[in-house]
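This briefing goes through one model, topic by topic. Please look over the sequence and the structure before reading on.

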Amino acid sequence: MIQAYVPLLILALVAGGFAASNILITFVVGPYRPTREKLSPYESGMTEIVPPRQRFPIKFYVIAMLFLLFDIEAVSFYPWSILLRSLHFAGFIEMLIFVAILLVGFIYVWKKGALDWE
Amino acid sequence: MSVLAAATIHVRVGASDWGAVGPELILGATVLVLLLVDAFVPRRVREVSTWISLIALVAAFLDVYFLWSHGDSNALYGQITSDKFAIFFDGVIIVSAVLAVLLSESYIVSSSFDPGEYYALLLASAVGMMLMAAGNSLMILFLALELLSLSLYILAGFERSSPRSQESGFKYFLLSSFASAFLIYGMALIYGATGSTQLVAIGHCLHGSGCPANVTENPLLLVGIGLMVVGFAFKISAVPFHMWTPDVYEGAPTPITAFMSVTTKAAVFAAFVRVFNFSLNAAHSHWFPLLWGVAVATMIFGNLFALAQSNMKRMLAYSGVAHGGYILVALLANSPAGATAVVFYFLAYAFMNIGAFMLVSILESNGQVGDDISSYRGLWQRNPFLAGCTTVFLFSLAGIPPFAGFFAKYLALAAIVQAGHTELAIIAVLTSLISVYYYLRVVVVMVLQPGEVQAQETRMSGMAEMAVTASVAGTIGLGIIPTGFYNLATQSVDALRTAFGI
Amino acid sequence: MAPYMLSLAAVRISTTAATHFSIFSTRLTLLTVVLFLPAVGAVIGLLLEDERQVRIVSVVAAAADLVLAIMLLLMFKYGSGQAGWQFQFADRHNWVSTLGISYWIGLDGVSVWLVTLTALMSCIAILAAQFMIADRTKTFLIFMLTLETALLGVFMSLNLFLFFIFWEAMLIPSYFLLGIWGEERRVYATMKFLVYTIFGSFFMLVGIFVLWARVGTLDMAGPHGLIAHPVDPTTQNWLFLAFAIAFAIKLPVWPFHTWAPTAYTESPVPFVIVLSGLMSKAGAFGFIRYCLPLFPAASRHFAALISILCIIGMVYAALLALVQTDIKRIVAYSSISHMNLLCLGIFALNPIALDGSVLQMINHSLIISGLFLAVAYIAARTGTRLLPSMGGLGMRRPWLMWLFFIFILAGLDLPGTSSFAGEFLILLGTFAYNAWYASIATITVILAAWYMIRLFQDSMNGPVSVAPRELAETGLDARRTPYQYPVLQRLLPGDIQLREALLWVPLAVVLLYLGVQPQPVTQRLNPTNTAISVVVHTHATRGPAVALGGSP
């Protein structure tokens, strides 16, 4: 029973050892010659013009999320369209239901004002 | 059966297939209705969504009642089942949802929530839970888990103005998605090891010569089991994956805490029993030591941490961890009696645990401090009914007869002793002893210590009163006359045995 | 077992009305009525608003239950042709049959006495509560009635699960009775009491699981019952310990007694009557009914150990009683000392000592209740419970003194009081088992005489001491009666009142009557106790040599 787990243990050790040794080797072998330019945030040496951490309006996120949500639906249309013949009328109805559910979500989002930019 | 083969056959999904998920469909359609109500109905008549939710839940319950004798164990190509096991859990989840809705009504008014979204999310998570109990394939289990979790993440953080609620929602989201990743990785490996995502097929494969269930010939299976244990253990907040529980429970709106404390566990345990006790039964010797350790740690640490709490919600969170341990003990029995105990436990747990949270919720609806135990002083004088009922719930949680919690714990421990693991029963009763202390400390404060004379009155809305009465009736009734529901639980497990041929 | 079928034993009340009240859709038997009558009274009390109505309901329920219990006692069949161990008035219904759980109640020669005793002492406690408790009397009486049903259930159950339910159900009303109406340190006493007793009973619960896993039923009697199928000796040893720890804590056997002095001292008087008079008997009864017949080999194996614990306990508690200054604590320690002696009698494992033990259960219950009542009466008149600050009470209050004297005499086992007969039988039986144990046990009789006489002399005789009046005059609290210590209200003047005496008189009468005539008790006890000792000495692992009546 316990012996049976030995291969697993070896695998874990090898995996951990590999990761550890890689870090160790780069640390030991790699040359370390810091210059001011190398240590700056952008190695190309450009100093930033504006502070890099800017606040975005939350609307971007909302729109991005809604885009994802309604874009993903397209993914389910592709296999459905290929199989449409063998799915018969029932398949058509099902897709209508699917779209209807999305429509409810769309109406909700619209009504709540999530699509208004201003 | 390859994917290509599936494409060539005629796919037919009939009315009986949809009938099998009737309760889920009813609640799912209600979610859409609630969203439209929220969008179009003017603000002042929004309480209509409370009634819509209640009516939908009653309708779903009636459908559950119908399905009990007309279930289809192999609907939708064996993806989803409506066998008696799933139906029983559906019932528990719907009852819990009803209690949560009744409790939410005055809470929503006092904290000025948007009722439409709130109930829509509550019902969506209930649908997820019911699907999880009914899922007969790994894919459905995962989808259902995500549906219930996503809804609960939002609900936990629903109190947007409170940083604690924010923390609760965000913490739950981050940690839980991490656990989901473990779970789906485990599921993928099990699929790799057995060649199927169907639970029944996996069971048959492991029982026959198809897929060996020992480590040297099938290491993938064992790694998969380990990862799934991690995922499930997180969702049932078993030690050492319990860290999120107190913070999330404390920050979430109290009716949601009450609801999720019972139903998430119920749904996940339903899947747990289906997957581990039945589908992976042949690999029993591999998952048993793992879960043994988890169960023991859960019982010991859950109870010890609960001792130190002065906040009712945190205390109940740790007590929930400990109860998860007792239910794991029933699961570890790996016998029909153990599975029956799991099923019955949740019925009892729904009434007593949601009941215990009701006090907090009702006090908060009154604009009082609800979760600080020391603020319960003199509750016996302010509101004897509420204090008396909470006493019943706490006694039941402590496992003192003649309440439901005792019989549930009795079944669990009887099953494990019968399975030959008396040591687990001894650990369970010793840790229960610790729990007696912290539950009764609340009763001491509430009943035995007099409060100030000019204390604020504690009022209950009609719905909250109904919820408390129903819970106390359930807690006492299941304790004194458990026979009927015990038999139902037995039947539900028998249905699983037939399905898996064990 | 065939002759003692249900038809013989169950006395049915054959009215059609009774049928509809039964949740098991069968007729109610007399025993079931006795069991649930107090609980029904409690439910009615819960629904009533008016406190006076609740008072009447509680007295009527308790008194009616006492009358029915006495009827049971009179109808109990014993004597010729009734040899062996039978359970009469049996009532059995399936409950959760797949788990071996049934509702099965019945009485043997031991439990019939304890049921009657429970009905009597509960009646007295409820009557005492009428004038001793002024704060939330309604709730108090409801809890007392609930407690009575739980106690009756403990003595009647013939199914281990049912027994456990009632055993634990005793705790819930006790928790509130001690916690709400107790004295200053009540919360501490309550938690200690509860944690101790639950600690014990959880071990018993594990024992029950193991028994069910091994035997497959939880029914006690009958051909398939637990008594007829003892488990193997090694398991017996473990199970014996699991059960014994629960009973030893309840009894309380040294060293599991430490909850008892605190709980006894902090209890309100009506509740302490039940706590020391009946709940401790439940522990002793548990030993007789469960430990001995279910684990015969283990009982023989552990008899010496338990006997030694009991001997240490009885001497220890008696010595502590000698040095207490609080009279309630003296009575509490004397109770512990006597209960340990009683337990010694049980583990002599012979019928004589068993008879003595059960007889002593009855006596001890009567005596200790009388003494606790005396403590309340004295404190209500002096405002103190400390011996050094009282004295000379008997000068002005001759009736109080003489009635108190009866209980003092019974407490020191004077021949002529029934406790003499009980202790004599215990010591006689113990001599047959082990002369050393019996000799040491006799020392406690001397110690008992010492502390009892000290209690009497220092309170009733001697120079009249002045009661601490300033304490008595301060803080008039309408919610407290003079019987609730510390006495805040005006003290009671004069000699004993009629209602106080009326609580004492029945106890004294029964004590004196059983002192001259212990046969009615021992005659009913003896067949059962003989059968139990036969079981203990004959089975190791085989079936019983005695008939076990009261079949399903």
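Over which residues of chain C does pLDDT stay under 50, and how many contacts beyond four places in sequence does the model have for them? The stretch is residues 1-25 of chain C, and the model has 38 such contacts for it. The model is a predicted one, with an ipTM of 0.84 and a pTM of 0.85.

**Confidence in chain C**
- The mean pLDDT of chain C is 83, and 88% of its residues score at least 70.
- Helix α1 of chain C (residues 6-9) has the lowest confidence in the chain, with a mean of 30.
- Confidence in chain C is highest in helix α6 (residues 137-156), at 93.
- A further stretch of chain C with pLDDT below 50 covers residues 540-552, which have 46 contacts in the model beyond near neighbours in sequence.

**Confidence in chain B**
- Chain B has an average pLDDT of 88, and 95% of its residues score at least 70.
- Among the elements of chain B, the lowest mean pLDDT, 43, belongs to helix α1 (residues 3-8), and the highest, 94, to helix α15 (residues 312-332).
- Residues 1-9 of chain B have a pLDDT below 50, and this stretch makes three contacts in the model beyond near neighbours in sequence.

**Make-up of chain C**
- Chain C contains 22 helices and two strands.
- Of its 552 residues, 63% count as buried.
- Among contacts in chain C with a separation of 6 or more, 78% join residues 24 or more positions apart.

**Contacts between chains**
- Two pairs of chains touch, and the pair with the most contacts is B and C.
- Chain A does not touch chain C; the nearest C-alpha atoms of these two chains are 29 Å apart.
- Where chains B and C meet, 26 residues of chain C are in contact with 23 residues of chain B.
- On the chain C side, β1 (88-96), α7 (160-169), α8 (171-181) and α9 (186-215) each supply at least two residues.
- Helix α9(C) gives the largest share of that side, 14 residues.
- By class, the side of chain C that touches chain B has 24 nonpolar residues, one polar residue and one charged residue.

**Packing of two helices in chain B**
- Helix α14 (residues 284-307) and helix α20 (residues 422-448) of chain B pack with their axes 9 Å apart, at an angle of about 15°.
- The angle is under 35 degrees, so α14(B) is roughly parallel to α20(B).
- The two helices, α14(B) and α20(B), cross in a left-handed sense.
- Residues of α14(B) in the contact include Ala295(B), Val296(B), Met299(B), Ile300(B) and Asn303(B).
- From α20(B), the residues taking part include Leu424(B), Ile427(B), Ala428(B), Thr431(B) and Tyr438(B).
- The contact of α14(B) with α20(B) has 13 nonpolar, three polar and no charged residues.

**Gln3 of chain A**
- Gln3(A) lies in the segment before α1 (6-29) of chain A.
- Gln3(A) has 8 other C-beta atoms within 10 Å, and is therefore exposed, the cut-off being 12 or fewer.
- Between Gln3(A) and Ser86(A), the C-alpha to C-alpha distance is 52 Å, and the two are 83 residues apart in sequence.

Technical notes
Residues numbered from 1 in each chain as written. Chains lettered and ligands numbered in written order. Predicted model: local features only at pLDDT ≥ 70, side-chain atom pairs only at ≥ 80, totals over all residues. Contact = placed C-beta atoms within 7 Å. Helix = DSSP H or I, 4+ residues; strand = E, 2+ residues; numbered from the N terminus. Nonpolar A, V, L, I, M, F, W, Y, C, P; charged D, E, K, R; others polar. Buried ≥ 20, exposed ≤ 12 C-beta atoms within 10 Å, placed from the backbone. pLDDT = per-residue confidence, 0-100. Axes fitted to C-alpha atoms, helices over the stretch in contact; angles between N-to-C directions. Parallel < 35°, antiparallel > 145°, perpendicular 65-115°, else oblique. Left-handed = near helix turned anticlockwise from the far one by under 90°.
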